[in-house]
Amino acid sequence: MKKLFMALLAVALFLVGVIGCGDKANEGEKQANGVIQQPGSADKGMSEKLDITMMVSTAAGGGWSDDHPMVKLLNEKFNINLKFQWVPGDSYKEKLNVLAASNNFPDVFQIWDASMYSKWMNKGVFLDLEPLLKDYPNIMNNVPNEAMKMMNPKGKVYGLPMYAPAFRSNLAIRQDWLDKLSLQMPTTVDQFYDTAKAFVEQDPDGNGKKDTIGFSMSVGTTSIGGIDYLKGAFGLANNWKLEDGKLVPQQVQATEWKALAEFLHKAYVEGVLDKDFPVNKDRDPWNKLEANTLGMAEVNPNEVYTQSLPTLQKLAPTADIVQLDPPKGSTGLQFANTVTSTAKIVLNSKLEEKKQQRVLQVLDYIFSDEGFILTKNGIEGVHYQKDGDKYVKLDKFDTDRPQILSTWFIRRFDPGIQIRLWDSKEYADKVMAWFNNTEKYRWTDPAAGLVSETASKLGAQIDQKLVTAIVNVIVGREPIESIDQAIQAWRTGGGDKIIEETNAIYAELN
Amino acid sequence: MADTKKLLRRGIPMYIMILPGLLYFLLFRYLPMGAIVIAFQNYDPFNGFMHSEWVGLDHFARLFGEADFWRLLKNTLILSAMNLFLFFPAPIVLALMLNEARVRAFRKTVQTITYMPHFLSWVVVVGISVLLFATQEGAVNKLFVSLGWDRIELLTNPDYFRPLYTFMNIWKESGWSAIIFLATLASVDPTLYEAAVMDGASRWKQMLHVSLPALKHVILIMFILRLGQTMDTGFEQVLLMQNTLNIDVSDVFDTYVYRVGILSAEYSYTTAVGLFKSVVGLLLIIGANSFAKRKGEEGVY
């Protein structure tokens with residue numbers, strides 16, 4: 001009996017200990033929250049400290065820690081307790097779907113996928129911002145009306161559009177390789193092919209080995225990436241095109257696909273096209289350009305002088321990357337990779353009113369001039385300082401990376417989102433020249449953001465089969481005619497329904 | 001009657017002690033199984049599974065009617081068969097060979113080296129294989145080109161996928177899996193070997209008639225457990241090795257569930273696929289176990 005009593009006592013003590021600890025921790029937090037009161041924040045209705053969670057999709061390098069100076073600054077300014085969830089871009093969609101399965105979203109997050117946006121919008125996951133936005137002039141003045149309305153039903157705004165430079169992926173070529181082989185800048189698709197071939201066979205890096213590649217691309221689960229300039233030149237649509245008032249998807253353009261596949265097949269056989277393309281991920285062609293093995297690839301003008309060129313010049317000190325206009329197709333078509341951003345920043349519809357306001361205050365601040373300078377450059381005195389009439393970057397900028405919020409999450413509508421205070425005007429002009437020059441090759445998608453129900457259900461699966469068929473033709477494992485059958489299969493497997501539904505949505509909107 | 005009561009009472013501290021473990025299994029292993037119901041619904045996370053529409057066996061009907069079903073089944077079974085007949089014997093052979101090595105230092109070194117790869121994640125192993133075997137930039141192909149040979153498309157040619165898959169499995173896991181067999185061999189009574197020597201058995205005969213029979217029981221148990229995993233082909237490894245060109249042979253139930261379930265958010269349908277997989281695995285275990293018992297062997301349970 002005594003033993004039993006002791007055992008029970010032990011268990012009871014253990015439980016009390018655990019529960020007690022939890023309580024104490026909570027109390028401590030509550031007290032701390034009460035103490036840290038920002039002077040002056042009460043008058044803006046910020047007297048209560050709120051927890052705010054934001055989920056951000058990240059690229060190379062990962063996010064901030066919770067005690068990052070930028071987080072601290074925002075926490076103090078708005079009397080909040082910001083919790084960022086940094087999710088790698090590759091698995092962001094997966095993460096959202098997992099969160100959806102338990103219906104448990106953060107306060108503010110991004111939706112990159114148009115079909116996800118429309119599906120969840122109808123489920124009431126996002127907060128309608130329309131009635132609230134009038135109190136936030138910085139957001140209203142900065143975001144174009146058209147972008148605000150896109151993908152939203154009339155009179156509703158379920159998310160703030162996330163800006164993306166239309167020509168973020170811009171074709172580039174190694175000028176020093178051209179010079180070495182005394183070649184002209186290619187202007188047509190044929191010249192493009194010859195240049196690429198020369199890059200493979202004439203040893204442009206001068207190491208005596210045939211180890212360079214002409215051009216490359218990547219294969220995702222549902223599309224072939226990195227060769228939009230070729231797709232455009234061969235007459236393919238940027239997803240959709242208008243023909244006699246009807247929308248026609250890229251997937252059914254059999255003649256164009258076959259011509260492009262034939263071109264790529266020849267390039268593959270002759271070693272002009274990267275043999276690794278089926279296993280390449282999105283950024284691999286760009287990586288290979290930076291690794292001094294590839295002659296032409298799409299790069300980001302905002303990063304070419306700050307990242308690509310310095311990386312490349314470590315391997316080849318005389319290397320030079322310049323913009324290459326999209327090559328002209330046989331019928332004179334010339335198009336550049338053009339992105340219409342369909343990404344949205346959304347607020348959780350479950351937010352209580354005071355939290356809605358606080359979140360919008362933070363977002364409005366980031367859209368303001370002051371906030372824009374802060375999120376692009378960091379904190380004055382920590383990440384940069386003023387030196388006379390010039391600005392100087394401090395070392396902390398590179399280690400803290402205070403700019404990631406402006407590149408990954410909340411962007412003003414401004415192609416110079418990555419141009420800093422201390423960058424020279426000359427540099428800024430050089431970057432903007434890439435964007436301005438590409439404007440004449442804009443490749444519009446008339447149906448951007450329109451998502452039919454069948455497309456979101458079956459689109460990925462049938463696209464994947466079509467891509468598989470095309471890639472098999474490119475590597476020569478299937479005859480060219482198999483593309484016809486694959487397109488037929490795409491149509492019957494749900495494609496025809498997608499065409500019908502998307503046209504219906506389009507007709508309704510226009 | 002009083003005795004039973006007394007016994008029960010004496011057991012109370014023990015029951016309290018197993019309570020946390022019991023709770024753990026109930027809470028984290030058995031309770032989540034309840035969510036299997038979504039395989040029979042059109043689960044909508046925003047309605048929860050109390051209010052989602054009930055569709056009965058619709059999702060199973062869709063799976064069996066799917067054009068991809070037979071391809072998935074075939075790929076899964078072939079990879080499993082390769083695991084069972086090529087990978088499974090590898091650690092046994094390795095253990096027998098190590099057992100024959102008489103120099104202790106040598107045996108220990110080899111054993112350590114062979115089980116090391118177990119601690120690498122599949123991401124690293126597949127990454128290494130890309131560095132080695134990529135068609136354009138891979139080390140092996142660069143060597144081939146410099147020797148004037150043709151490139152070999154190890155990663156993208158579907159013919160190489162299955163051998164490469166099995167080879168990577170053997171390289172990574174056979175050392176680790178050999179541990180249990182080595183432990184069994186270490187416990188064999190040395191007098192058995194001595195007796196065999198007295199009878200004039202060679203090293204080969206000793207292995208055949210002493211070592212191998214000693215392993216028989218462990219091999220059987222491992223085999224039955226392995227059968228239960230027939231439908232699991234190593235999700236991470238297959239997904240990482242998969243590309244557009246080999247998808248015809250590399251698409252298995254696991255990768256299909258990932259693609260359709262997580263990427264296209266069809267929770268109910270893919271739960272049904274997962275359930276189908278588990279049921280097949282369970283049937284195989286039960287079948288193999290009762291077969292083993294009928295043959296007079298000890299089963300897993």
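Biologist: What makes residues of chain B count as in contact with chain A in this predicted model?

Modeller: The criterion is that C-beta atoms, placed from the backbone, lie within 7 Å. By that criterion, 22 residues of chain B are in contact with 26 residues of chain A.

Biologist: Which elements of chain B give two or more residues to the side that touches chain A?

Modeller: They are α1 (2–30) and α14 (253–263) of chain B. The largest share, 3 residues, comes from α1(B).

Biologist: How is chain A divided into domains?

Modeller: Domain 1 of chain A takes 49–165 + 341–420, and domain 2 takes 170–337 + 442–509. These bounds come from an automatic or database domain assignment. The C-alpha centres of the two domains lie 31 Å apart. Their contact takes 8 residues from domain 1 of chain A and 6 residues from domain 2 of chain A. On the side of domain 1 that touches domain 2, the classes are 3 nonpolar, 4 polar and 1 charged.

Biologist: What percentage of chain A is called buried, and on what basis?

Modeller: A residue is called buried if 20 or more other C-beta atoms lie within 10 Å of its own. Buried residues by this count make up 38% of the 510 residues in chain A. The C-alpha atoms of the chain fill a box of roughly 85 × 60 × 60 Å along the principal axes.

Biologist: What share of contacts in chain A join residues at least 24 apart?

Modeller: The share is 74%, taken among contacts between residues at least 6 apart in sequence.

Biologist: Why are β2 and β4 of chain A called edge strands?

Modeller: Chain A has 19 helices and 15 strands. An open sheet of 5 strands has the order β2-β1-β3-β13-β4 (chain A), with mixed pairing. Strands β2 (80–88) and β4 (160–161) of chain A each pair on one side only, and they are the edge strands of this sheet.

Biologist: How do you know that β1 and β3 of chain A pair?

Modeller: Pairing requires at least two bridges found by DSSP. In β3(A), Val108(A) is the bridge partner of Met54(A).

Note on methods
Residues numbered from 1 in each chain as written. Chains lettered and ligands numbered in written order. Predicted model: local features only at pLDDT ≥ 70, side-chain atom pairs only at ≥ 80, totals over all residues. Contact = placed C-beta atoms within 7 Å. Nonpolar A, V, L, I, M, F, W, Y, C, P; charged D, E, K, R; others polar. Helix = DSSP H or I, 4+ residues; strand = E, 2+ residues; numbered from the N terminus. Buried ≥ 20, exposed ≤ 12 C-beta atoms within 10 Å, placed from the backbone.
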